[in-house]
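Open the structure in your viewer and get ready to select a few pieces by residue number. We will stop at one place at a time and look at what is there.

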Amino acid sequence: MRKTQKKTLITYAIVIIAYIILEIFMKAGMMSSHLKGLLVPMVYYAIAAVALNLCVGILGELSLGHAGFMCVGAFSSAIVSQLLSGAIPDALRFILALIIGVVISALFGMLIGIPVLRLNGDYLAIVTLAFGEIIKNILNSIYLGVDSAGVHLSLKSQMALGLADDGKVLINGAMGITGTPQDSNFTIAIVVLLISLFIVQNMIDSRDGRAIMSIRDNRIASESVGINITKYKMTGFVVSAAIAGAAGVLFSHNIATMQATSQYFGYNVSIMILVYVVLGGIGNIRGSVIAACILYLLPELLRGLNKYRMLIYSIVLIVMMIINWSPALRDKRDKLRKKLMKGAGHGAA
Amino acid sequence: MALLEVTNLSITFGGLRAVDNFNLTMEKGELYGLIGPNGAGKTTVFNLLTGVYKADEGLIKLDGLDITGHRTAEIDRDGIARTFQNIRLFKDLPVIDNVKVGLHNQFNYSTAESMLHCGRYHKVEKEMDEEAMKLLGVFDLDKERDYLSANLPYGKQRKLEIARAMATKPKLLLLDEPAAGMNPNETAELMETIQLIRDKFDMTILLIEHDMKLVSGICEKLTVLNFGRILAHGDTKDVLANPEVIKAYIGE
């Protein structure tokens, strides 16, 4: 078996084992309801981190707007779910909402990519940062409703929609979307995470992925061997936006009232996802998943410590950064791993 | 018909005429040298030929096809591959993947097949692996296939860059100072490699070089550039004996 294949299989195995352990804890009633509520967000942030790592680590372009793509995926899928709720079976509806959320995020990725990815330099970071804020503010001020006469859109108020009696408000301005069916659960979230990992890791080990990484490593050389730079930058970025959209779909189907606030979709959320990516190791997909899980759960689990919570959190951030990025420690870590592998090999023989 | 025909190529940066009225005709199978003092415009000529810069005037014809104004990636597909003066490998990719990026345009499967590893993926990847290993074998790099290319010794990095360029199946290979920074042993080995490519792939090669031993050892013809202009061109021996050339290189 090739080395890369082995690595990807280990990643799937880690996710599945973690899932089984947590499920057992849940079924055995050993988990507080507070912790249970954290599992789905933990997984969708892990998905967002995988998406962002594709953009930052594999494509080599900094994006500060992945929360914006989550926002697009969340709102578009919530609207689909609200419209179709009751009309078709729940499972089918959720799958449809997921697909539409993903496709619309991908479209937004493409819209941003077409002008920006032709340029060389850090333009993408600035444009995506602005995109995240703009999309959030637009969704905050839109009133959208539907009745038998069709779709109504207003920028003023809910009353201005002038809905008929059978009408339904979809987006209620700053009040957001209420009553999206709660379809997300831990199992579905893990399945979406596995699909995202499957797509991203497969892509890295393929013709397209090599082209994308060659652009990251040396754009000029990559052009000189005939790689279409813009095309492959677009491919990487659009896939990344689409997966972030999938994280958004899980988000919207996990929350009773969703508003486009900074708390959920602001740039600080984008930065938080970037922190997961950087601390998990840029270009290291498995690391992103692990870092997202640890760093999302930690502040919540430390709530009991109250005053010292953020202090411990920041110490963990620093320690993780040192472990992942100090050359000496990385050497030691790799040596230790080799030793363990050898030991396991002897044990098996 | 000549493989490469360059006529009246010129480019100006600001007020500086970096390349002025450059002409070059290469027949198929030739090993041609482009020499000149520092700043003479040699690399600029390469950058013009490969579309990195757009020429202000002039015409570039490859195998009868007008490729003037084509973009870099197109020119590679047209049939000109190059290496760089300061090595530009894909340093975080393994050796074999560097060559496989070079093979990119000769093998094909869709993005969907990339993401799902289905359809043609396994078959085409296997073919690519075989083709890449064949090339690495020629350059004696097959043992290092899984090394990160940044971890190769310097001489092997140069070789890998040539292997990657060859993977694109060019008609014409441009080598920009392949012996720069090499010790005499490495240079000797490089000369062998260049001869090998020529014989094995029947390749036409244009190279920039400062190492006169290498130039006089393998190049059949030379063009000498000085201040962007052609100073002399012709058979290697005649050119190197030309007093103008000696003056430009060593001074009076």
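Select B:Lys221 and look across to strand 10 of chain B: the residue standing opposite is B:Asp235. You are looking at a predicted model. Now show all of strand 9 (residues 221-226) and strand 10 (residues 229-235) of chain B, which pair antiparallel over 6 bridges. Strands of a sheet pair through backbone hydrogen bonds, and this can be parallel or antiparallel. Next, click on B:Phe227 in the hairpin of these two strands, where 2 residues lie between them. B:Phe227 has a positive phi near 50 degrees.

Stay in chain B for an open sheet of 4 strands, in the order 2-1-4-5, with antiparallel pairing. Which strands are at its edges? Select strand 2 (16-26) and strand 5 (65-66) of chain B, each of which pairs on one side only. Strand 5 is joined to strand 4 (residues 57-62) of chain B by 2 bridges; pick B:Lys61 and you will find its bridge partner, B:Asp66, in strand 5.

Finally, move to chain A and select helix 13 (residues 309-325), which gives a nonpolar patch its largest share, 6 residues. The surface patch covers about 790 Å², and its members include A:Leu305, A:Tyr308, A:Ile318 and A:Leu329. Zoom in on A:Ile318, which sits in helix 13. Is A:Ile318 buried, partly exposed or exposed? It counts as partly exposed, because its relative accessibility is 46%.

Technical notes
Residues are numbered from 1 along each chain as its sequence is written. Chains are lettered from A and ligands numbered from 1 in the order in which they are written. This is a predicted model: local features need pLDDT of at least 70, side-chain atom pairs count only at pLDDT 80 or more; totals for chains, interfaces and linings use all residues. Side-chain values use heavy atoms; hydrogens and water are left out. Patches are made of residues with over 30% relative accessible area and no salt bridge: like charges are joined within 9 Å, nonpolar side chains (Val, Leu, Ile, Met, Phe, Trp, Tyr) within 5 Å. Accessible areas come from the Shrake-Rupley method with a 1.4 Å probe; for residues, only the protein chains shown count as cover. A salt bridge is a side-chain nitrogen of Lys or Arg within 4 Å of a carboxyl oxygen of Asp or Glu. Buried means under 20% relative accessible area, exposed over 50%, partly exposed in between (1.4 Å probe, protein chains only). Two strands pair if DSSP finds at least two bridges between them.
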